[in-house]
Amino acid sequence: MAGPSRRSLARDLESLADFSDPSASLEQYLTPPDIAAHVCHRAALSGDLERPVVDLGTGTGMLAIGAALAGADRVLGIDVDPDALAVARENAARVDTGSTSIDWILGDATRPPLARSDVTVLSNPPFGAQRGNRHADRRFLETASSIATVSYTIHNEGSQEFVESFAADEGGEVTHAFRAEFPIERRFEFHDAAEQTLAAEVFRIEWR
């Protein structure tokens with residue numbers, strides 16, 4: 001049976017709530033519903049939702065819930081922030097994920113309590129804009145390479161060379177890459193515009 005369309009996925013995900021009190025140090029930005037729908041729809045078409053899905057740094061649960069809506073049987077969302085996980089649980093109750101089981105775990109996404117297994121990782125890691133988060137996306141990729149068969153990660157524009165090099169060093173391969181617009185509303189004091197749109201890049205990596 002065919003899964004939901006990318007458009008219907010985005011429509012459902014638009015109903016999810018944002019962070020109640022976002023943290024600048026954790027770079028807590030709502031993953032745009034359009035990007036989440038694109039990632040989850042692509043993962044479904046590639047057969048990557050037929051294995052368990054792990055959302056590293058799940059935040060409000062956007063990617064985890066998107067995977068459930070797109071047909072994943074089992075989904076795990078991990079985040080270090082208990083308040084974010086509370087929003088994620090509330091968001092999961094907003095939509096009909098059918099019989100899909102979503103488990104929420106409080107913990108460090110870069111050190112998850114998981115061993116390597118046949119899972120698909122979805123993640124929107126920090127872009128590393130804050131001083132304490134430099135190379136944060138690298139730590140998320142390291143985790144993906146250590147536990148996953150396939151991963152989809154969202155990065156700042158200009159990351160392709162880094163991601164491809166990292167994947168090759170870890171025995172992986174970037175199989176798909178696409179650009180996406182990442183709109184950000186003003187939420188922190190250092191933002192000087194009501195809204196700006198960042199250029200982002202999404203990569204699918206097969207890990208060996």
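Which residue forms a salt bridge with Arg138, and how far apart are the closest N and O atoms?

A: The model is a predicted one. In it, Arg138 pairs with Glu142 in a salt bridge, and their closest N and O atoms are 3.4 Å apart. Both residues belong to helix α5, which covers residues 136-147. They sit four residues apart, about one turn of that helix. Side chains of opposite charge can then pair when their charged atoms come close. Arg138 is partly exposed, because its relative accessible area is 36%. Glu142 is also partly exposed, at 35%.

Now widen the view. The whole structure holds nine salt bridges. Some of them join up: Asp48, Arg51, Asp118, Arg204 and Glu206 form a linked network.

Arg51 bridges to Asp48, with 3.1 Å between the closest N and O atoms. Arg51 has a relative accessible area of 17%, so it counts as buried, the limit being under 20%. Asp48 is buried too, at 2%. Arg51 also meets Asp118 in a salt bridge, N to O, at 2.9 Å. Arg51 lies in the loop between α2 (33-45) and β1 (53-56), while Asp118 lies in the loop between β3 (101-106) and β4 (120-123), so this pair ties together parts that are 67 residues apart in sequence. Asp118 is partly exposed, with 45% relative accessibility.

Next, a charged residue without such a partner. Asp55 is in strand β1. Asp55 is buried yet has no salt bridge. The nearest side chain of opposite charge belongs to Arg89, 13 Å away. What does the side chain of Asp55 have instead? One of its polar atoms lies 3.1 Å from the backbone nitrogen of Ala64. Leaving aside residues up to four places away in sequence, Asp55 touches Leu63, Ala64, Leu76, Gly77, Ile78, Leu122 and Ser123.

Follow one of those contacts. Leu122 is in strand β4. Leu122 is buried, with 0% relative accessibility. Among the residues Leu122 touches are Val39, Cys40, Val53, Ala67 and Tyr152, again not counting residues up to four places away in sequence. The C-alpha atoms of Leu122 and Ile154 are separated by 8.7 Å, though these two residues are 32 residues apart along the chain.

Finish with helix α4, residues 82-94. Its 13 residues should span 18 Å at 1.5 Å a residue, and the end C-alpha atoms are 19 Å apart, which agrees. Which residues of α4 are buried? They are Ala84, Leu85, Val87, Ala88, Asn91 and Ala92. Seen down the axis of α4, these fall within an arc of 155°, so they line one face of the helix. What covers them includes α3 (62-70), β2 (74-79) and β3. The face of α4 turned away from the buried side carries the exposed residues Asp83, Glu90 and Ala93.

Note on methods. Residues numbered from 1 in each chain as written. Predicted model: local features only at pLDDT ≥ 70, side-chain atom pairs only at ≥ 80, totals over all residues. Heavy atoms only, no water. Salt bridge = Lys/Arg side-chain N within 4 Å of Asp/Glu carboxyl O. Buried < 20%, exposed > 50% of the residue type's maximum accessible area, 1.4 Å probe, protein only. Helix = DSSP H or I, 4+ residues; strand = E, 2+ residues; numbered from the N terminus. Expected span 1.5 Å × (residues − 1). Arc of directions from axis to C-beta. Contact = heavy atoms within 4.5 Å. Lys, Arg positive; Asp, Glu negative; His and termini not counted. Polar contact = N/O pair within 3.5 Å; in protein donor to acceptor, adjacent residues only side chain to side chain.
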